[in-house]
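Trainee: I have a model open and would like to go through it with you. Can we start with the terms?

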Amino acid sequence: MKEPVSRRSILRGAVLGGTGAVAGTLPTLVPYAAQAASGPSMPDFVEGSAALRPDKTVAGACQFCNCDCRLEIRMKAGRVIDVRGERSDPVQDGNLCVKAPMMAQLTYNPLRLTTPLRRTGGAKGDPGSQFEPVTWDTALDLIARRFLALRDQGEARAIANRTTGRMPRGAGALAHRLFSLLGSPNDTDVGPVCNDAGGNALAATFGLGNFTNGYGVDPATGKEDLGAARYLLMLGTNQAETHPVTFAYLLRARQRTRARLIVVDPRRTPTGALADEWLAPKPHTDFALILGMLHEVIGQGLYDRAFVDRWVLGFDELREHVAAKGYTPEWAAGVTGVPAATIRRIAREYATAKPAAIFCNAGISHQLGAFDTYRAIAMLAAITGNVGVPGGGCNFMHNTWPGGLGLPPLKTGVPDPGPALPVGPDAFAEAVISGRPYRLKAVMTEGNPLISSANTAKVRRAFETLPFYVYTGLFMEEAAYYADVILPVCAGLEFEGVYMRRDDRAIRWQDAAVPRVGQSRSDTEIFIGLAHALARNDRRHPPSYWADAFPLEWNDYKKLWATFVANTPGAGGMTMERMRARTEPLRWPCPSAGHPGVSTLYLDHPSWYQAARSLDPGNAGKRFLTPSGKAEIFTPELESRLVPSGHHALPIFFTHPEVTGGNPTLTYDAAFIANPVNPQALTHPVRLGTPADGTVHRQYPLMGMTGRPSVAHFAGVTHWTYTGEQLNGIRLVQIHPATADRHGLANGDPVLVESPRGAVTGTVLIEPGIRPDTIFLPNTFGPAQRVGDIFGDPRYEAANTLLDDRFYDNLSGQQAYKCFACRLRKVR
Ligand SMILES: Nc1nc2c(c(=O)[nH]1)N[C@H]1C(S)=C(S)[C@@H](COP(=O)(O)OP(=O)(O)OC[C@H]3O[C@@H](n4cnc5c(=O)[nH]c(N)nc54)[C@H](O)[C@@H]3O)O[C@H]1N2
Ligand SMILES: Nc1nc2c(c(=O)[nH]1)N[C@H]1C(S)=C(S)[C@@H](COP(=O)(O)OP(=O)(O)OC[C@H]3O[C@@H](n4cnc5c(=O)[nH]c(N)nc54)[C@H](O)[C@@H]3O)O[C@H]1N2
Ligand code: SF4
Ligand SMILES: [Mo]
């Protein structure tokens, strides 16, 4: 008998779990009596209580991580009293993580922004800034007039929007349409802060920029996909804390398959603790590890000859390249600190386990060489025949779907926007301050750049001088104090639609459970409202220029979604009705009502070929969606496309100048060129191979990494919940015992972490599971987070105070969030 889901399983969810699927739909109440009979050590007395029995349940979804859990939202007398996990979804299996109940704490929260606000006094950034409530029309008219004034001065490109994806699906498409009509190219997506490099590398190698495989059963084949993996190689991903529910699914499958789990992370995370093997390379050196594995796989003939002959372009060039460059396991051992014998063994195991799945996330994406590293990883999967097969693939997380959603074509022409700023929203700060390549004068954000962008001090300086800034969010966060206009958004339980996405291109529909807090609106409504304010205020175009492009009926998300379904390639089968009737999310591509959605991209199966054709008629008959129809390691076209940027189709090793060991690094040219993988944007070319001189380490001998503080926090937002701050309100800096000893630091001591850019405080956490030359500093903490005051927690400077925004991947735009030279100082 299946174990009933109790409150305790919320906490244990990442480690334990049930055994499989249970049929049925919401509500999924476990009869109290049956539970008692099945013999857990304590019945769930909440279930037994008439006072706590819901009078209504709503099918919602969690707005936090990419597990996209379905929430059974339990209501009594119109209030949310509890949330439970969906048991009829075999991947979710009833589980939720500790953050799920915090969804309700976003709604029931005295600190929520409730009305639009306009600045009336105080210096930008000053916590004493004054604001007054205004109506939505007043706020949106104010924004519209500022935007139009810039446009009328010929400065449309000086207006920008920056999102980190903290908004319902489709808001990005509306923002893009609005900016196109204005004539600005600068509406940036979450990608460059998050994991775009993986998508860029996948697109260059296989054709689509998405996570390749799927969780659960593939309805096209009736077989398990990732659950069938025999080998799980995870680099730079701490899924136990960042994707707990899908990770628990992989752990359940592993009990059956005995798949080996290898975790590569300079720190032993809760994910690594459950692995068969934990490898701890020096930060920012995974690139060398993978090149060493490629050398071994090719040199020892461990690659899949038949697959390579039929489906891979450029294998011979790769063989010559790794040999000529001397990327041997011994060389890789020198760079990474992982023994050569281990690299050889892992290479052999990965190549021969079949099928073997690779997972990567921010630990790889937030590296200077992210695009090239991901390309090397994609090559490893390609030559071992581990792509386009169930249980394999390049599961580069957060390269999910949808990115852009399709809208009907505009009836009017739009101005030529010209080239966009370099990708990576951190380029915004540079553009505001230096005017290079041109100046930004009005910015709107969804997300919080004061916490999430590299080089906080510089971002702060930029926002102090930025003439006009619109902050949209839930709380008075760090960035809000710089705003001219503040717009309140509603939280996940307050609106219906599609919000989060599961990594495997899967989405679900959520119903609204409770009314919006105050006058808050969802981001899609904000962009539609702004378009109509532009219509009211534009003197150059008739109102129809804006109004026809943003029909008011799109304020009903159901109608907006139906528009997306009708206009987005490969989404024809993803209707609201179909999603709403399911307890499992639905995967893209899914071209028609009868199509089950694609689990394994590039699978040699009619269902995939049908889906591929629906994306573009030119894909007819193609397995991989590259120009050649094969996995492309090297082609002369790709080579000539990349060379102007300083990169090559066959990746050349380099790393961050603040990594110890005198490695080859890079220099940036001041000139701007078109970015070959983000052709709408500019970028600086780089020169690879300059040796790092290591002088920084004389004063800053350690290497620092950043990442999520724990499973308890999601971005900055959970720091505004009671439970989040109670569980993890203190910033714990993980330090190896030997390193702590050398600095005279004991567990619980206050500590100052200093880099050449600045200093932040934290509390010492002595934990042997980390390299002695490296410390781990959680990001997501920020100085405006008032909820911690309840518990007497200190307020913290953002981690990104320590980072240098000069170091970024000039192809994907990703910032090197995961590396900074540093030193520790005991605070007395
Ligand atoms: N609880 C929680 N879950 C989340 C989020 C959250 O804020 N909180 N955010 C969501 C988002 S937006 C994202 S992008 C994902 C991120 O999910 P993850 O990538 O799992 O999260 P991080 O903690 O940023 O980084 C993962 C690991 O990379 C390691 N690392 C650092 N440098 C290196 C390196 O050079 N090489 C290797 N191999 N590893 C390195 C860190 O030690 C860390 O354990 O999580 C999502 N899920
Ligand atoms: N040092 C370091 N920096 C990092 C990372 C790292 O690992 N290390 N990770 C990077 C990654 S992967 C990411 S994705 C980013 C995350 O960066 P952000 O998403 O910018 O995260 P926060 O800065 O915490 O901003 C979250 C805020 O967005 C607002 N918000 C929430 N929901 C909505 C909504 O529906 N609409 C609107 N308009 N606003 C909403 C809330 O007010 C919330 O507090 O951080 C990046 N920065
Ligand atoms: S944070 Fe992620 S794992 Fe936790 S309940 Fe929400 S979607 Fe599920
Ligand atoms: Mo992210």
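Mentor: Domain bounds here come from an automatic or database domain assignment. This is a predicted model, in which local features need pLDDT of at least 70, side-chain atom pairs count only at pLDDT 80 or more, and totals for chains, interfaces and linings use all residues. Residues are numbered from 1 along each chain as its sequence is written, while chains are lettered from A and ligands numbered from 1 in the order in which they are written.

Trainee: Which domains does the shell around ligand 2 draw at least three residues from?

Mentor: Domain 2 (118–189 + 418–495 + 517–565) and domain 4 (696–826) each give at least three. A residue counts as near a molecule or strand if its C-beta atom, placed from the backbone, lies within 6 Å of it.

Trainee: And which residues come nearest to ligand 2?

Mentor: Of the 30 around it, Gly447, Asn448, Ser452, Gly473 and Gly716. Helix 19 (449–452), strand 17 (468–473) and strand 27 (702–707) are the elements giving two or more residues to that shell. Helices (H or I, at least four residues) and strands (E, at least two) are DSSP runs, numbered from the N terminus.

Trainee: What is the make-up of the ligand 2 shell by class?

Mentor: It has 13 nonpolar, 13 polar and four charged residues. Ala, Val, Leu, Ile, Met, Phe, Trp, Tyr, Cys and Pro count as nonpolar, Asp, Glu, Lys and Arg as charged, and the others, Gly among them, as polar.

Trainee: New topic. What is the mean pLDDT of the chain?

Mentor: The mean is 94, and 95% of the residues reach 70 or more. pLDDT is the predictor's confidence in each residue, from 0 to 100. Over residues 1–30 pLDDT stays under 50.

Trainee: How far apart are the C-alpha centres of domain 3 and domain 4?

Mentor: They lie 28 Å apart. The contact takes 25 residues from domain 3 and 24 residues from domain 4; two residues are in contact if their C-beta atoms, placed from the backbone, lie within 7 Å.

Trainee: Now sheets. What is the strand order in the sheet of seven?

Mentor: The order is 5-4-18-17-16-6-7, in an open sheet with mixed pairing. Strands pair if DSSP finds at least two bridges between them. Strand 5 (130–133) and strand 7 (187–188) are the edge strands, each pairing on one side only.

Trainee: Do tell me which residue is the bridge partner of arginine 162 in strand 7.

Mentor: Threonine 188. Strand 6 (residues 159–163) and strand 7 pair in the parallel sense over two bridges.
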